[in-house]
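Subject: Handover of a structure

Hello,

I am passing this structure on to you, with the sequence alongside.

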Amino acid sequence: MRLATKEKPVTLAVVGAVLALTTAYPLIRLLLAGFFTPIEGFTLAPLLQVVFQKATWTVLYNTVVVSLAATAISSILGITLAWLVVKSDLPCKSVINIATLLFLFLPPYVHGLAWLQLWGPVGWFNQLASFIAGKKIVLWNVYGLDGTILLLGLLHYPFVYMTTATALGNIPPEEEEVAFTYGVSRSRVVRRVTLPLALPGIAAGSILAFVSSVGNFGIPALVALPAGKILLTTYIFQQVVGFSSISFARVSLLATLGAMLAITGMMVQNLFLKHQHFTVLTKKTAPLYYSLGRVRIPLAVFLYSFLACATIAPLIAMFLNSLLPAYGVPLTLETITLKNYRFILADLNATRRAIATSFILAGGTTLITIPLSFVVARGIAEKRSKFYLWVDRLGTIPYTLPGTVLALAVILAWVDPWIPIPIYGSIVMILLAYIARFFTLAARNLTAGFAQLNPSYTEVARVLGIRPWQCLWKISLPLLRPNIQNAALLVFITALTELTVSSLLWISGSETIGVTIYNLEAAGYTTYSTAFATLVVLFFGVFFLLLKRTRLQTFLPGR
(Lines give C-alpha, C1' and ligand atoms only; values in the text may rest on other atoms or scores of the structure.)
Protein backbone atom coordinates (compact mmCIF):
# COMPACT_ATOMS: atom_id res chain seq x y z
CA MET A 1 0.00 0.00 0.00
CA ARG A 2 1.44 3.33 -1.06
CA LEU A 3 1.62 6.13 1.45
CA ALA A 4 -0.15 9.00 -0.25
CA THR A 5 1.02 12.43 0.80
CA LYS A 6 -0.80 15.67 0.44
CA GLU A 7 0.74 17.87 -2.21
CA LYS A 8 1.80 21.37 -1.21
CA PRO A 9 -0.41 24.16 -2.60
CA VAL A 10 2.67 25.90 -4.05
CA THR A 11 3.52 22.82 -6.13
CA LEU A 12 -0.06 22.50 -7.36
CA ALA A 13 -0.09 26.19 -8.27
CA VAL A 14 3.20 26.02 -10.19
CA VAL A 15 2.20 22.90 -12.15
CA GLY A 16 -1.22 24.34 -12.90
CA ALA A 17 0.21 27.72 -13.95
CA VAL A 18 2.81 26.24 -16.32
CA LEU A 19 0.31 23.91 -18.02
CA ALA A 20 -2.31 26.65 -18.18
CA LEU A 21 0.11 29.09 -19.80
CA THR A 22 1.71 26.68 -22.26
CA THR A 23 -1.18 24.35 -23.10
CA ALA A 24 -4.65 25.18 -21.78
CA TYR A 25 -4.70 28.85 -22.80
CA PRO A 26 -3.65 28.33 -26.47
CA LEU A 27 -5.95 25.33 -26.82
CA ILE A 28 -8.91 27.29 -25.45
CA ARG A 29 -8.24 30.11 -27.93
CA LEU A 30 -8.02 27.54 -30.72
CA LEU A 31 -11.23 25.78 -29.67
CA LEU A 32 -13.19 29.02 -29.36
CA ALA A 33 -12.08 29.92 -32.88
CA GLY A 34 -14.18 26.96 -34.02
CA PHE A 35 -17.37 28.63 -32.85
CA PHE A 36 -16.62 32.34 -33.32
CA THR A 37 -15.90 33.94 -36.68
CA PRO A 38 -15.08 37.62 -37.23
CA ILE A 39 -18.11 38.08 -39.50
CA GLU A 40 -20.87 35.96 -37.95
CA GLY A 41 -19.73 35.90 -34.32
CA PHE A 42 -20.93 32.77 -32.55
CA THR A 43 -21.96 30.13 -35.07
CA LEU A 44 -22.41 26.38 -35.29
CA ALA A 45 -21.90 26.30 -39.07
CA PRO A 46 -18.28 25.03 -38.91
CA LEU A 47 -19.25 22.27 -36.46
CA LEU A 48 -22.14 21.13 -38.66
CA GLN A 49 -19.88 21.10 -41.70
CA VAL A 50 -17.28 18.98 -39.93
CA VAL A 51 -19.81 16.52 -38.48
CA PHE A 52 -21.92 15.99 -41.60
CA GLN A 53 -19.14 15.88 -44.17
CA LYS A 54 -18.38 12.35 -45.33
CA ALA A 55 -14.74 13.32 -45.82
CA THR A 56 -14.35 13.92 -42.07
CA TRP A 57 -15.25 10.34 -41.17
CA THR A 58 -13.21 8.89 -44.03
CA VAL A 59 -10.19 10.83 -42.81
CA LEU A 60 -10.75 9.75 -39.21
CA TYR A 61 -11.10 6.11 -40.28
CA ASN A 62 -7.88 6.26 -42.30
CA THR A 63 -6.07 7.94 -39.41
CA VAL A 64 -7.19 5.39 -36.81
CA VAL A 65 -6.36 2.40 -39.03
CA VAL A 66 -2.95 3.75 -40.04
CA SER A 67 -2.04 4.79 -36.48
CA LEU A 68 -3.06 1.46 -34.94
CA ALA A 69 -1.25 -0.55 -37.61
CA ALA A 70 1.88 1.60 -37.32
CA THR A 71 1.77 1.27 -33.53
CA ALA A 72 1.59 -2.51 -33.89
CA ILE A 73 4.76 -2.47 -36.04
CA SER A 74 6.50 -0.11 -33.61
CA SER A 75 5.52 -2.25 -30.63
CA ILE A 76 6.55 -5.57 -32.13
CA LEU A 77 9.88 -4.22 -33.36
CA GLY A 78 10.62 -2.18 -30.24
CA ILE A 79 9.75 -4.95 -27.77
CA THR A 80 11.71 -7.56 -29.73
CA LEU A 81 14.85 -5.44 -30.00
CA ALA A 82 14.62 -4.36 -26.36
CA TRP A 83 14.34 -7.95 -25.15
CA LEU A 84 17.26 -9.09 -27.31
CA VAL A 85 19.48 -6.26 -26.09
CA VAL A 86 18.62 -6.43 -22.39
CA LYS A 87 17.84 -10.12 -21.84
CA SER A 88 19.89 -12.09 -24.38
CA ASP A 89 23.51 -12.77 -25.32
CA LEU A 90 23.16 -11.16 -28.75
CA PRO A 91 26.61 -9.98 -29.93
CA CYS A 92 27.49 -6.34 -30.67
CA LYS A 93 24.42 -4.87 -28.93
CA SER A 94 25.78 -1.35 -29.22
CA VAL A 95 24.96 -1.49 -32.95
CA ILE A 96 21.25 -1.62 -32.11
CA ASN A 97 21.61 1.19 -29.57
CA ILE A 98 23.42 3.53 -31.93
CA ALA A 99 21.17 2.75 -34.90
CA THR A 100 18.02 3.27 -32.84
CA LEU A 101 19.21 6.51 -31.30
CA LEU A 102 20.29 7.81 -34.71
CA PHE A 103 16.72 7.12 -35.83
CA LEU A 104 15.40 9.48 -33.15
CA PHE A 105 16.93 12.66 -34.48
CA LEU A 106 16.74 11.93 -38.20
CA PRO A 107 14.02 14.46 -39.19
CA PRO A 108 10.86 12.69 -40.45
CA TYR A 109 10.81 14.53 -43.77
CA VAL A 110 14.44 13.52 -44.44
CA HIS A 111 13.60 9.94 -43.53
CA GLY A 112 10.58 10.00 -45.85
CA LEU A 113 12.53 11.44 -48.76
CA ALA A 114 15.24 8.81 -48.33
CA TRP A 115 12.68 6.00 -48.46
CA LEU A 116 11.09 7.51 -51.55
CA GLN A 117 14.49 7.34 -53.22
CA LEU A 118 14.80 3.70 -52.17
CA TRP A 119 11.28 2.39 -52.89
CA GLY A 120 9.58 4.96 -55.11
CA PRO A 121 8.33 3.93 -58.58
CA VAL A 122 11.75 4.86 -59.96
CA GLY A 123 13.63 4.22 -56.71
CA TRP A 124 16.95 2.43 -56.49
CA PHE A 125 15.52 -0.99 -55.65
CA ASN A 126 12.86 -0.86 -58.38
CA GLN A 127 15.45 0.29 -60.90
CA LEU A 128 17.69 -2.62 -59.91
CA ALA A 129 14.79 -5.04 -60.26
CA SER A 130 13.94 -3.61 -63.69
CA PHE A 131 17.58 -3.94 -64.79
CA ILE A 132 17.71 -7.58 -63.70
CA ALA A 133 14.34 -8.42 -65.30
CA GLY A 134 15.16 -6.60 -68.54
CA LYS A 135 11.90 -4.68 -68.38
CA LYS A 136 10.30 -2.07 -66.17
CA ILE A 137 8.81 -3.60 -63.04
CA VAL A 138 7.85 -2.22 -59.65
CA LEU A 139 8.43 -4.61 -56.79
CA TRP A 140 6.76 -2.29 -54.33
CA ASN A 141 5.57 1.29 -54.48
CA VAL A 142 5.98 3.08 -51.16
CA TYR A 143 3.26 5.61 -52.04
CA GLY A 144 -0.05 4.82 -50.31
CA LEU A 145 -1.36 3.79 -46.91
CA ASP A 146 0.80 0.64 -46.75
CA GLY A 147 3.97 2.68 -47.17
CA THR A 148 2.70 5.22 -44.65
CA ILE A 149 2.04 2.49 -42.09
CA LEU A 150 5.49 0.95 -42.56
CA LEU A 151 7.35 4.24 -42.35
CA LEU A 152 5.44 5.47 -39.31
CA GLY A 153 6.02 2.11 -37.63
CA LEU A 154 9.75 2.31 -38.29
CA LEU A 155 9.93 5.98 -37.37
CA HIS A 156 8.40 5.53 -33.92
CA TYR A 157 9.72 2.15 -32.78
CA PRO A 158 12.58 3.83 -30.81
CA PHE A 159 9.97 5.12 -28.34
CA VAL A 160 8.84 1.56 -27.58
CA TYR A 161 12.41 0.28 -27.60
CA MET A 162 13.74 2.78 -25.07
CA THR A 163 10.86 2.56 -22.59
CA THR A 164 10.68 -1.23 -22.83
CA ALA A 165 14.45 -1.65 -22.47
CA THR A 166 14.42 0.51 -19.36
CA ALA A 167 11.52 -1.50 -17.88
CA LEU A 168 13.21 -4.83 -18.65
CA GLY A 169 16.46 -3.64 -17.11
CA ASN A 170 14.60 -2.72 -13.92
CA ILE A 171 13.36 -6.31 -13.34
CA PRO A 172 15.45 -8.04 -10.64
CA PRO A 173 16.75 -11.45 -11.82
CA GLU A 174 15.24 -13.25 -8.81
CA GLU A 175 11.74 -12.52 -10.14
CA GLU A 176 12.44 -14.88 -13.04
CA GLU A 177 14.78 -17.27 -11.25
CA VAL A 178 11.98 -18.26 -8.85
CA ALA A 179 9.93 -19.50 -11.81
CA PHE A 180 12.86 -21.51 -13.15
CA THR A 181 13.25 -23.32 -9.82
CA TYR A 182 9.78 -24.79 -10.37
CA GLY A 183 10.73 -26.13 -13.80
CA VAL A 184 8.82 -23.54 -15.84
CA SER A 185 10.02 -23.29 -19.44
CA ARG A 186 11.89 -20.22 -20.65
CA SER A 187 9.21 -19.19 -23.15
CA ARG A 188 6.53 -19.35 -20.45
CA VAL A 189 8.65 -17.29 -18.03
CA VAL A 190 9.03 -14.63 -20.70
CA ARG A 191 5.27 -14.60 -21.42
CA ARG A 192 4.00 -14.89 -17.84
CA VAL A 193 6.68 -13.06 -15.82
CA THR A 194 9.09 -10.91 -17.82
CA LEU A 195 6.77 -9.16 -20.26
CA PRO A 196 3.96 -8.55 -17.71
CA LEU A 197 6.44 -6.92 -15.31
CA ALA A 198 7.69 -4.72 -18.15
CA LEU A 199 4.15 -3.77 -19.15
CA PRO A 200 4.32 -0.13 -17.90
CA GLY A 201 7.28 0.56 -20.19
CA ILE A 202 5.66 -1.27 -23.11
CA ALA A 203 2.40 0.64 -22.65
CA ALA A 204 4.19 4.00 -22.33
CA GLY A 205 6.18 3.45 -25.52
CA SER A 206 3.17 2.17 -27.45
CA ILE A 207 1.07 5.17 -26.46
CA LEU A 208 3.90 7.49 -27.55
CA ALA A 209 4.05 5.65 -30.89
CA PHE A 210 0.27 5.92 -31.34
CA VAL A 211 0.14 9.59 -30.41
CA SER A 212 3.11 10.35 -32.66
CA SER A 213 1.46 8.53 -35.59
CA VAL A 214 -1.78 10.48 -35.13
CA GLY A 215 0.06 13.81 -35.11
CA ASN A 216 2.72 13.11 -37.76
CA PHE A 217 2.51 15.31 -40.83
CA GLY A 218 5.70 14.72 -42.82
CA ILE A 219 5.21 11.05 -43.71
CA PRO A 220 1.48 11.29 -44.67
CA ALA A 221 2.24 14.39 -46.76
CA LEU A 222 5.13 12.77 -48.63
CA VAL A 223 3.83 9.20 -48.96
CA ALA A 224 0.02 9.06 -48.57
CA LEU A 225 -1.13 12.35 -50.09
CA PRO A 226 0.42 11.82 -53.57
CA ALA A 227 -1.53 8.54 -53.74
CA GLY A 228 -4.79 10.34 -52.94
CA LYS A 229 -4.95 9.05 -49.36
CA ILE A 230 -5.69 11.76 -46.81
CA LEU A 231 -5.07 11.51 -43.07
CA LEU A 232 -6.09 13.95 -40.37
CA THR A 233 -2.87 15.99 -40.39
CA THR A 234 -2.83 16.45 -44.17
CA TYR A 235 -6.57 17.20 -44.18
CA ILE A 236 -6.02 19.92 -41.60
CA PHE A 237 -3.13 21.27 -43.67
CA GLN A 238 -5.40 21.51 -46.70
CA GLN A 239 -7.84 23.54 -44.62
CA VAL A 240 -5.03 25.84 -43.50
CA VAL A 241 -3.91 26.38 -47.10
CA GLY A 242 -7.41 27.56 -48.01
CA PHE A 243 -7.24 30.01 -45.13
CA SER A 244 -10.41 31.93 -44.29
CA SER A 245 -12.43 32.62 -41.17
CA ILE A 246 -14.64 29.57 -41.74
CA SER A 247 -11.73 27.28 -42.69
CA PHE A 248 -9.84 28.34 -39.57
CA ALA A 249 -12.90 27.35 -37.55
CA ARG A 250 -12.86 23.94 -39.24
CA VAL A 251 -9.16 23.59 -38.47
CA SER A 252 -9.78 24.12 -34.77
CA LEU A 253 -12.58 21.54 -34.71
CA LEU A 254 -10.58 18.96 -36.67
CA ALA A 255 -7.65 19.51 -34.34
CA THR A 256 -10.02 18.85 -31.45
CA LEU A 257 -10.90 15.49 -33.02
CA GLY A 258 -7.21 14.60 -33.15
CA ALA A 259 -6.84 15.53 -29.50
CA MET A 260 -9.82 13.31 -28.63
CA LEU A 261 -8.13 10.36 -30.36
CA ALA A 262 -5.02 10.86 -28.23
CA ILE A 263 -6.98 11.22 -25.00
CA THR A 264 -8.88 8.04 -25.83
CA GLY A 265 -5.58 6.21 -26.19
CA MET A 266 -4.41 7.59 -22.85
CA MET A 267 -7.63 6.50 -21.13
CA VAL A 268 -7.32 2.99 -22.56
CA GLN A 269 -3.76 2.80 -21.23
CA ASN A 270 -4.81 3.98 -17.75
CA LEU A 271 -7.73 1.54 -17.60
CA PHE A 272 -5.48 -1.30 -18.75
CA LEU A 273 -2.89 -0.63 -16.03
CA LYS A 274 -5.25 0.56 -13.32
CA HIS A 275 -5.62 -2.69 -11.41
CA GLN A 276 -2.22 -4.13 -12.22
CA HIS A 277 0.83 -4.11 -9.95
CA PHE A 278 4.36 -3.79 -11.30
CA THR A 279 6.38 -2.74 -8.24
CA VAL A 280 9.68 -4.41 -9.10
CA LEU A 281 12.07 -1.45 -9.23
CA THR A 282 14.57 -2.00 -6.44
CA LYS A 283 18.32 -1.70 -6.05
CA LYS A 284 19.93 -2.03 -9.47
CA THR A 285 21.21 -5.53 -10.28
CA ALA A 286 22.33 -7.18 -13.50
CA PRO A 287 19.34 -8.57 -15.45
CA LEU A 288 18.94 -12.26 -16.11
CA TYR A 289 20.36 -13.22 -19.50
CA TYR A 290 19.08 -15.91 -21.87
CA SER A 291 21.25 -17.81 -24.32
CA LEU A 292 20.14 -17.69 -27.96
CA GLY A 293 22.07 -20.84 -28.82
CA ARG A 294 22.68 -21.66 -32.47
CA VAL A 295 20.48 -18.82 -33.78
CA ARG A 296 22.66 -16.21 -32.06
CA ILE A 297 24.87 -15.33 -35.05
CA PRO A 298 22.24 -15.72 -37.84
CA LEU A 299 19.79 -13.61 -35.86
CA ALA A 300 22.40 -10.91 -35.30
CA VAL A 301 23.23 -10.82 -39.02
CA PHE A 302 19.54 -10.52 -39.92
CA LEU A 303 18.84 -7.76 -37.39
CA TYR A 304 21.89 -5.70 -38.27
CA SER A 305 21.13 -6.03 -41.98
CA PHE A 306 17.58 -4.83 -41.34
CA LEU A 307 18.77 -1.87 -39.27
CA ALA A 308 21.32 -1.01 -41.93
CA CYS A 309 18.57 -0.83 -44.57
CA ALA A 310 16.11 0.99 -42.31
CA THR A 311 18.38 3.51 -40.59
CA ILE A 312 21.93 3.57 -41.91
CA ALA A 313 21.12 3.49 -45.64
CA PRO A 314 19.19 6.82 -45.57
CA LEU A 315 22.05 8.43 -43.64
CA ILE A 316 24.59 7.16 -46.17
CA ALA A 317 22.46 8.43 -49.03
CA MET A 318 22.22 11.81 -47.36
CA PHE A 319 25.97 11.95 -46.73
CA LEU A 320 26.84 11.00 -50.33
CA ASN A 321 24.47 13.66 -51.62
CA SER A 322 26.22 16.28 -49.48
CA LEU A 323 29.50 15.55 -51.32
CA LEU A 324 28.09 16.48 -54.74
CA PRO A 325 28.78 19.89 -56.31
CA ALA A 326 25.14 20.07 -57.42
CA TYR A 327 22.07 17.87 -57.05
CA GLY A 328 21.85 15.24 -59.79
CA VAL A 329 25.53 15.19 -60.63
CA PRO A 330 26.92 11.61 -60.74
CA LEU A 331 29.08 10.72 -57.77
CA THR A 332 32.64 10.01 -58.87
CA LEU A 333 36.10 10.64 -57.48
CA GLU A 334 36.29 13.76 -59.65
CA THR A 335 32.95 15.21 -58.49
CA ILE A 336 33.41 14.69 -54.74
CA THR A 337 33.75 18.04 -52.97
CA LEU A 338 33.66 19.49 -49.46
CA LYS A 339 32.56 22.96 -50.55
CA ASN A 340 29.05 22.38 -49.18
CA TYR A 341 30.45 21.87 -45.68
CA ARG A 342 32.70 24.88 -46.04
CA PHE A 343 29.70 27.00 -47.00
CA ILE A 344 27.62 25.75 -44.06
CA LEU A 345 30.38 26.18 -41.49
CA ALA A 346 32.08 29.35 -42.70
CA ASP A 347 29.91 31.32 -45.12
CA LEU A 348 26.33 30.85 -43.90
CA ASN A 349 25.67 33.21 -40.98
CA ALA A 350 22.36 31.50 -40.20
CA THR A 351 24.24 28.35 -39.18
CA ARG A 352 25.63 29.79 -35.97
CA ARG A 353 22.33 31.47 -35.08
CA ALA A 354 20.39 28.28 -35.75
CA ILE A 355 22.71 26.14 -33.63
CA ALA A 356 22.66 28.60 -30.73
CA THR A 357 18.88 29.06 -30.87
CA SER A 358 18.18 25.31 -31.11
CA PHE A 359 20.46 24.48 -28.18
CA ILE A 360 18.89 27.22 -26.04
CA LEU A 361 15.37 26.03 -26.87
CA ALA A 362 16.20 22.32 -26.46
CA GLY A 363 18.06 22.89 -23.20
CA GLY A 364 15.37 25.18 -21.78
CA THR A 365 12.60 22.79 -22.79
CA THR A 366 14.40 19.86 -21.15
CA LEU A 367 15.13 21.75 -17.92
CA ILE A 368 11.47 22.73 -17.56
CA THR A 369 9.64 19.63 -18.76
CA ILE A 370 11.64 17.07 -16.75
CA PRO A 371 10.86 18.52 -13.27
CA LEU A 372 7.29 19.28 -14.34
CA SER A 373 6.65 15.76 -15.65
CA PHE A 374 8.39 14.26 -12.61
CA VAL A 375 5.94 15.98 -10.28
CA VAL A 376 2.97 14.94 -12.43
CA ALA A 377 4.13 11.31 -12.73
CA ARG A 378 4.77 11.13 -8.99
CA GLY A 379 1.31 12.51 -8.28
CA ILE A 380 -0.32 9.94 -10.56
CA ALA A 381 1.68 7.05 -9.05
CA GLU A 382 0.85 7.97 -5.47
CA LYS A 383 -2.82 8.63 -6.37
CA ARG A 384 -3.00 11.92 -4.53
CA SER A 385 -5.82 13.36 -6.62
CA LYS A 386 -7.32 13.37 -10.10
CA PHE A 387 -5.66 16.74 -10.72
CA TYR A 388 -2.42 15.20 -12.00
CA LEU A 389 -4.28 12.64 -14.09
CA TRP A 390 -6.10 15.39 -15.96
CA VAL A 391 -2.90 17.43 -16.22
CA ASP A 392 -1.30 14.40 -17.85
CA ARG A 393 -4.18 14.05 -20.32
CA LEU A 394 -4.14 17.76 -21.11
CA GLY A 395 -0.39 17.68 -21.66
CA THR A 396 -0.77 14.91 -24.25
CA ILE A 397 -2.96 16.98 -26.58
CA PRO A 398 -0.28 19.32 -28.08
CA TYR A 399 1.84 16.36 -29.15
CA THR A 400 -1.07 14.83 -31.08
CA LEU A 401 -1.78 18.01 -33.03
CA PRO A 402 0.05 18.78 -36.24
CA GLY A 403 2.85 21.21 -35.49
CA THR A 404 1.29 23.81 -37.77
CA VAL A 405 -1.98 23.68 -35.82
CA LEU A 406 -0.19 24.07 -32.47
CA ALA A 407 1.77 26.98 -33.92
CA LEU A 408 -1.46 28.62 -35.08
CA ALA A 409 -2.91 28.17 -31.59
CA VAL A 410 0.15 29.81 -30.05
CA ILE A 411 0.01 32.68 -32.55
CA LEU A 412 -3.70 33.18 -31.88
CA ALA A 413 -3.05 33.16 -28.13
CA TRP A 414 -0.24 35.74 -28.11
CA VAL A 415 -0.88 38.03 -31.08
CA ASP A 416 -3.83 39.51 -29.15
CA PRO A 417 -3.37 38.00 -25.70
CA TRP A 418 -5.90 37.89 -22.91
CA ILE A 419 -2.91 37.77 -20.57
CA PRO A 420 -0.79 40.97 -20.75
CA ILE A 421 2.52 39.24 -21.49
CA PRO A 422 4.29 40.74 -24.56
CA ILE A 423 6.09 37.67 -25.95
CA TYR A 424 4.73 37.59 -29.50
CA GLY A 425 7.55 37.28 -32.02
CA SER A 426 10.15 36.33 -29.41
CA ILE A 427 12.04 33.14 -28.66
CA VAL A 428 9.99 32.82 -25.45
CA MET A 429 6.89 32.09 -27.51
CA ILE A 430 8.71 29.22 -29.25
CA LEU A 431 9.90 27.93 -25.87
CA LEU A 432 6.35 27.84 -24.52
CA ALA A 433 5.21 25.94 -27.61
CA TYR A 434 8.06 23.44 -27.19
CA ILE A 435 7.19 22.86 -23.53
CA ALA A 436 3.58 22.17 -24.47
CA ARG A 437 4.52 19.86 -27.34
CA PHE A 438 7.20 17.75 -25.64
CA PHE A 439 5.84 17.47 -22.11
CA THR A 440 4.23 14.10 -22.84
CA LEU A 441 7.54 12.59 -24.03
CA ALA A 442 8.96 13.05 -20.54
CA ALA A 443 5.72 12.24 -18.72
CA ARG A 444 5.28 8.85 -20.42
CA ASN A 445 8.80 7.74 -19.47
CA LEU A 446 8.57 8.89 -15.86
CA THR A 447 5.05 7.55 -15.36
CA ALA A 448 6.29 4.11 -16.46
CA GLY A 449 9.19 4.38 -14.00
CA PHE A 450 6.98 5.30 -11.06
CA ALA A 451 4.63 2.43 -11.94
CA GLN A 452 7.55 0.03 -11.35
CA LEU A 453 8.91 1.79 -8.26
CA ASN A 454 8.86 -0.43 -5.20
CA PRO A 455 7.18 1.63 -2.43
CA SER A 456 8.63 -0.38 0.46
CA TYR A 457 11.83 1.69 0.70
CA THR A 458 9.94 4.96 0.87
CA GLU A 459 7.35 3.60 3.29
CA VAL A 460 9.99 2.35 5.73
CA ALA A 461 11.88 5.63 5.50
CA ARG A 462 8.75 7.63 6.31
CA VAL A 463 7.89 5.35 9.21
CA LEU A 464 11.38 6.03 10.59
CA GLY A 465 10.72 9.75 10.38
CA ILE A 466 12.90 10.58 7.38
CA ARG A 467 11.69 13.71 5.63
CA PRO A 468 9.90 13.37 2.28
CA TRP A 469 12.51 15.39 0.38
CA GLN A 470 15.25 13.11 1.73
CA CYS A 471 13.32 10.04 0.55
CA LEU A 472 12.95 11.66 -2.83
CA TRP A 473 16.64 12.61 -3.12
CA LYS A 474 18.21 9.42 -1.74
CA ILE A 475 15.72 6.74 -2.83
CA SER A 476 13.36 7.68 -5.67
CA LEU A 477 15.74 9.71 -7.82
CA PRO A 478 18.56 7.10 -7.92
CA LEU A 479 16.09 4.33 -8.76
CA LEU A 480 14.44 6.41 -11.49
CA ARG A 481 17.72 7.58 -13.00
CA PRO A 482 17.37 5.53 -16.25
CA ASN A 483 13.83 6.83 -16.81
CA ILE A 484 14.90 10.42 -16.17
CA GLN A 485 17.81 10.09 -18.58
CA ASN A 486 15.57 8.53 -21.24
CA ALA A 487 13.05 11.34 -20.84
CA ALA A 488 15.72 14.05 -21.00
CA LEU A 489 17.28 12.44 -24.07
CA LEU A 490 13.98 12.18 -25.95
CA VAL A 491 12.95 15.75 -25.15
CA PHE A 492 16.35 17.26 -25.96
CA ILE A 493 16.78 15.45 -29.28
CA THR A 494 13.26 16.03 -30.58
CA ALA A 495 13.36 19.69 -29.55
CA LEU A 496 16.79 20.18 -31.11
CA THR A 497 15.65 19.01 -34.57
CA GLU A 498 12.02 20.24 -34.39
CA LEU A 499 10.68 21.87 -37.54
CA THR A 500 6.91 22.16 -37.92
CA VAL A 501 6.19 24.35 -34.87
CA SER A 502 9.17 26.65 -35.28
CA SER A 503 8.57 26.99 -39.04
CA LEU A 504 5.61 29.27 -38.29
CA LEU A 505 6.88 30.88 -35.08
CA TRP A 506 10.45 31.87 -35.98
CA ILE A 507 11.44 35.38 -36.97
CA SER A 508 14.61 36.71 -38.52
CA GLY A 509 17.50 36.05 -36.15
CA SER A 510 15.78 33.19 -34.32
CA GLU A 511 16.10 30.40 -36.89
CA THR A 512 16.39 26.85 -35.59
CA ILE A 513 18.37 23.97 -37.07
CA GLY A 514 15.24 22.41 -38.55
CA VAL A 515 14.07 25.70 -40.06
CA THR A 516 17.48 26.40 -41.61
CA ILE A 517 17.71 22.92 -43.16
CA TYR A 518 14.16 23.19 -44.46
CA ASN A 519 14.73 26.67 -45.90
CA LEU A 520 17.83 25.45 -47.73
CA GLU A 521 15.90 22.46 -49.10
CA ALA A 522 12.89 24.58 -50.11
CA ALA A 523 15.18 27.04 -51.88
CA GLY A 524 16.62 24.23 -53.99
CA TYR A 525 19.98 23.99 -52.17
CA THR A 526 19.70 20.26 -51.54
CA THR A 527 23.43 19.70 -51.22
CA TYR A 528 23.65 22.42 -48.56
CA SER A 529 20.67 21.07 -46.61
CA THR A 530 22.04 17.52 -46.64
CA ALA A 531 25.46 18.78 -45.55
CA PHE A 532 23.92 20.59 -42.58
CA ALA A 533 21.80 17.54 -41.69
CA THR A 534 24.89 15.30 -41.92
CA LEU A 535 26.76 17.56 -39.50
CA VAL A 536 23.88 17.26 -37.05
CA VAL A 537 23.98 13.47 -37.34
CA LEU A 538 27.76 13.41 -36.83
CA PHE A 539 27.43 15.62 -33.77
CA PHE A 540 24.97 13.26 -32.12
CA GLY A 541 27.04 10.24 -33.07
CA VAL A 542 30.05 11.69 -31.26
CA PHE A 543 27.82 12.80 -28.40
CA PHE A 544 26.46 9.29 -27.82
CA LEU A 545 29.91 7.71 -28.07
CA LEU A 546 31.17 10.08 -25.38
CA LEU A 547 28.19 9.30 -23.16
CA LYS A 548 28.86 5.60 -23.63
CA ARG A 549 32.26 6.10 -21.98
CA THR A 550 30.87 7.94 -18.97
CA ARG A 551 28.59 7.07 -16.09
CA LEU A 552 25.69 8.73 -17.92
CA GLN A 553 25.05 5.72 -20.13
CA THR A 554 22.13 3.90 -18.50
CA PHE A 555 19.75 4.97 -21.24
CA LEU A 556 21.79 2.71 -23.54
CA PRO A 557 20.70 -0.79 -22.48
CA GLY A 558 22.83 -3.86 -22.77
CA ARG A 559 26.61 -4.10 -22.76
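Predicted model: local features only at pLDDT ≥ 70, side-chain atom pairs only at ≥ 80, totals over all residues.

The chain as a whole

The chain has 559 residues, and 55% of them count as buried. Its secondary structure consists of 25 helices and two strands. Taking the contacts in the chain with a separation of 6 or more, 79% are between residues 24 or more positions apart. The accessible surface of the chain is about 24,800 Å², and carbon and sulfur atoms account for 71% of that surface.

Helices α3 and α10

The crossing of α3 past α10 is right-handed. On the α3 side, the residues involved are T63, S67, L68, A70, T71, S74, S75 and I79, and on the α10 side they are I202, S206, A209, F210, S213 and V214. Seven of the residues in this contact of α3 with α10 are nonpolar, seven are polar and none is charged.

S75 in α3

S75 is part of helix α3. With a relative accessibility of 12%, which is under the 20% cut-off, S75 counts as buried. What does the side chain of S75 make a polar contact with? The partner is the side chain of S206, at 3.0 Å. Setting aside neighbours within four places in sequence, S75 is in contact with V160 as well as S206.

L254 in α13

Helix α13 covers residues 245-273 and includes L254. L254 is buried, because its relative accessible area is 2%. Not counting residues up to four places away in sequence, L254 touches V50, T56, L232, Y235, I236 and Q239. Of these, V50 is 204 residues from L254 along the chain, yet the C-alpha atoms of V50 and L254 are separated by 7.5 Å.

V193 in α9

Helix α9 spans residues 186-197, and V193 lies in it. Is V193 buried or exposed? V193 counts as buried, because its relative accessibility is 17%. I171 is 22 residues away from V193 along the chain, and the C-alpha atoms of I171 and V193 are 9.8 Å apart.

Regards

Technical notes
Residues numbered from 1 in each chain as written. Heavy atoms only, no water. Helix = DSSP H or I, 4+ residues; strand = E, 2+ residues; numbered from the N terminus. Buried < 20%, exposed > 50% of the residue type's maximum accessible area, 1.4 Å probe, protein only. Contact = heavy atoms within 4.5 Å. Areas by Shrake-Rupley, 256 points an atom, 1.4 Å probe, with all protein chains shown as cover. Left-handed = near helix turned anticlockwise from the far one by under 90°. Nonpolar A, V, L, I, M, F, W, Y, C, P; charged D, E, K, R; others polar. Polar contact = N/O pair within 3.5 Å; in protein donor to acceptor, adjacent residues only side chain to side chain.
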